[in-house]
Amino acid sequence: MKLKFIILAVSAFVIVMTGVVIFPLLSKNDPPSIPELYYPVNGATEIPINVVFTWAGTDPNGDTLKYDLYLSNDKENMTIIASNLTETSFSKTLDYNKTYYWKVVSKDKKDSTNSDIWFFSTENSIPIKPYSPYPSDGETNVPLIIKLSWKSEDVDGDKLYYDVYLGRSIDTMKPIATNITENEIDVNLTEDARYYWKVVSKDGHGGVRYGDIWAFQTKSVKELGMPFDPNPTNGATDLEINITLEWKYEGKEALFDVYLGKDPKDMTIIAQDLGYQFYELSVDYNSTYYWKVVAKSDNESKESSIWNFTTKELLIEETEMSTPVILENSITENSITIESTEIVEIPTQKNKYVYTTGSGIGMYIIDVTNPKEPKVVNHVYTEGWAVGLFVKDKHAYIADWINGVIVADVNDIKSPKKIAKLKTYGKVYSIFVKDDIAYVLEGSSGMEIVKINNDYSLEPLSYIELKGSSGRIFVEDNYAYIPMGYDGFVIVDVSDPKIPKLLSYYDVEGFAYNIFVKNNIAYVASGKDGLTLVNVKNKKSPKFVSNVKIKSEWARVHYENNIVFYAKGQDGFSLIDVSNPAKPILISSIDTKGFCYGGYIRDNYLYVADGENGLIIYDISNPEKPQLLSNLNGLYLQNIILEIN
């Protein structure tokens, strides 16, 4: 009683002297307030797995607090993951696609208080991108009956489902299996054929991962053959000095080397890696030549017999020489006669050459000066698989798949030369050249912009990532138009090639395969939805104009003089009058024998790349009734460019 009286007396004295209340030294401690939870929010979903838990705590007595953090997948069995924390936050990496319960306990020196229990779910992890394909990417001599296989995992252990796509070209892959759970599938393939394929991994929770596009070449069941039946025939005499050596061949696909010399024991190789069975050359008069052809495939080779021919003697005699046409006009003025002489040059016909890819051994050069009798004149062999090209200023820029970009000098058609190469980030799908800049579409990842130097070497300038890009790129003015498959197309400002800027997306119905732009109208090949016309005058806000319904599993367009050529794959092609963009008119359709990959219009002629059916040429001076002029077969063509030399 006496002690209590003393304490009260002292407290009263302090209050009177200072105005500060001093609680009795033996007063009761109050527990901390209930902790207030901030993040993750109660009931939240798709929370990133790298979580920073945050909360707040207070104490009625102003005591310093410490915190224990509890976390568990089981609400009834919470586990402490951090104790005696002085901060009101804590970071933790969690598992994907899990539901968690959490709470915080606030503690002073004597008491503790539990927060409410909150719950949240972490984000779903998408599967790992399919990898380790069999056959491996770029493999050749693949069996005709095999199991395609691959690997893919899911970080959070979800069961995976696969869609598998397969086709003879990048743009014609079709699903051959959907939602399968095995990471392999049996396929029967065609001999001596190139295939492209990809796998899409899905985890059943919305997580999707698209694999890369892989490619392989099947083997030929045929044996390597021996060249035979030469032309000129063996022992031929009295031949002109400009000769075309020809031979026949039966067997699996091969390349040919030609040897020539005046001594059968000392012949020199004069042509190498030819993809066709002839070679033009000039030789001496009054000479006997020996020649042979070597067929090559993989690591095999077979030589022909050694043949010979003899050229005629050179006869020295007067010949009539061609002279210019001279027109003489007499003009009389003031009794003075003035004679004027004018030399009139008779114009010569310009040669026309089609440049093509798709056969698997680089780029063919085809003379189409006479559209009724096209003929292969040369080719450029590439180490990769040429899937696209662009020809400008007598130089060919070849999109060579895994081999990057190849530049070939074709000034001399009889002797084209590879002069430059660019190793790219990804596989090259297509290329477009404008001025001294090349725009390279790489895989499904994006576009690389490249400077073409004076010596035609290639110098990378910039790269813009575009996930899902596909098909054929097109550049008009300072804008690149890039098809994005099911996502339509994008427009990229390339006025500064070092800093490309994505301006807009435009989604079309169907699958956007390629685009051609003319007079601010984009002509979009959109697969099953047909031809879509889009006004792109405002690059940031393209507007729909019209559509022509064309049902096809494949699409490719080319525009010339108000006519749109529309390739339809196995269904041939259509011609469309777009003189009034608001009301395009389907005017004709032709079902070709092969797979119509694309075409090119010039001067009322249509040049069609028809797959295994080769090159087809039509006269479309009357586009309502295209007239077939010729069909150069024996080539597998997918891409086509025309240049007039």
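**Entry 1: terms and model**

I call a residue buried when its relative accessible area is under 20%, exposed when it is over 50%, and partly exposed in between. By that scale I recorded Lys392 as partly exposed, because its relative accessible area is 22%. I note that the model I am reading is predicted.

**Entry 2: salt bridges**

Side chains of opposite charge can pair when their charged atoms come close. I looked up how many such salt bridges the structure holds, and the count comes to 19. I then examined several of them one by one.

I began with Lys392, whose salt-bridge partner is Asp393. The closest N and O atoms of this pair are 2.8 Å apart.

I next took Lys549, which forms a salt bridge with Asp529. Here the closest N and O atoms are 2.5 Å apart. Lys549 lies in the loop between strand 48 (543-548) and strand 49 (556-560), while Asp529 lies in the loop between strand 46 (521-525) and strand 47 (531-535), so the pair ties together parts that are 20 residues apart in sequence. Are the two partners buried or exposed? Lys549 counts as exposed, at 62% relative accessibility, whereas Asp529 counts as buried, at 10%.

I also found a network: Lys147, Glu184 and Asp186 are joined by salt bridges that share partners.

My last pair was Lys312 and Glu240, a salt bridge with its closest N and O atoms 2.9 Å apart. I asked which parts of the chain this pair ties together. Lys312 sits in the loop between strand 27 (307-311) and strand 28 (325-333), and Glu240 in the loop between strand 20 (236-239) and strand 21 (242-248), so the parts that are tied together are 72 residues apart in sequence. Lys312 is partly exposed, with a relative accessible area of 25%. Glu240 is also partly exposed, with a value of 45%.

**Entry 3: the second largest pocket**

Rolling a probe the size of a water molecule over the atoms shows where empty space is left. I turned to the second largest pocket, which has a volume of about 1300 Å³. The lining has 47 residues, and those closest to the centre of the pocket are Lys198, Tyr210, Ser444, Gly468 and Phe511.

I then sorted the lining by residue type and noted 17 nonpolar, 15 polar and 15 charged residues.

Which strands each supply at least two residues of the lining? They are strand 13 (161-167), strand 14 (174-180), strand 16 (194-202) and strand 17 (208-210). The largest share, 3 residues, comes from strand 17.

Terms used:
Residues numbered from 1 in each chain as written. Predicted model: local features only at pLDDT ≥ 70, side-chain atom pairs only at ≥ 80, totals over all residues. Heavy atoms only, no water. 1 Å grid on protein atoms, 1.4 Å probe; cavity = no way out; pocket = protein on both sides within 12 Å on 5 of 7 lines; lining within 4 Å. Points joined across faces, edges and corners; volume = space filled by probe spheres on them. Helix = DSSP H or I, 4+ residues; strand = E, 2+ residues; numbered from the N terminus. Nonpolar A, V, L, I, M, F, W, Y, C, P; charged D, E, K, R; others polar. Salt bridge = Lys/Arg side-chain N within 4 Å of Asp/Glu carboxyl O. Buried < 20%, exposed > 50% of the residue type's maximum accessible area, 1.4 Å probe, protein only.
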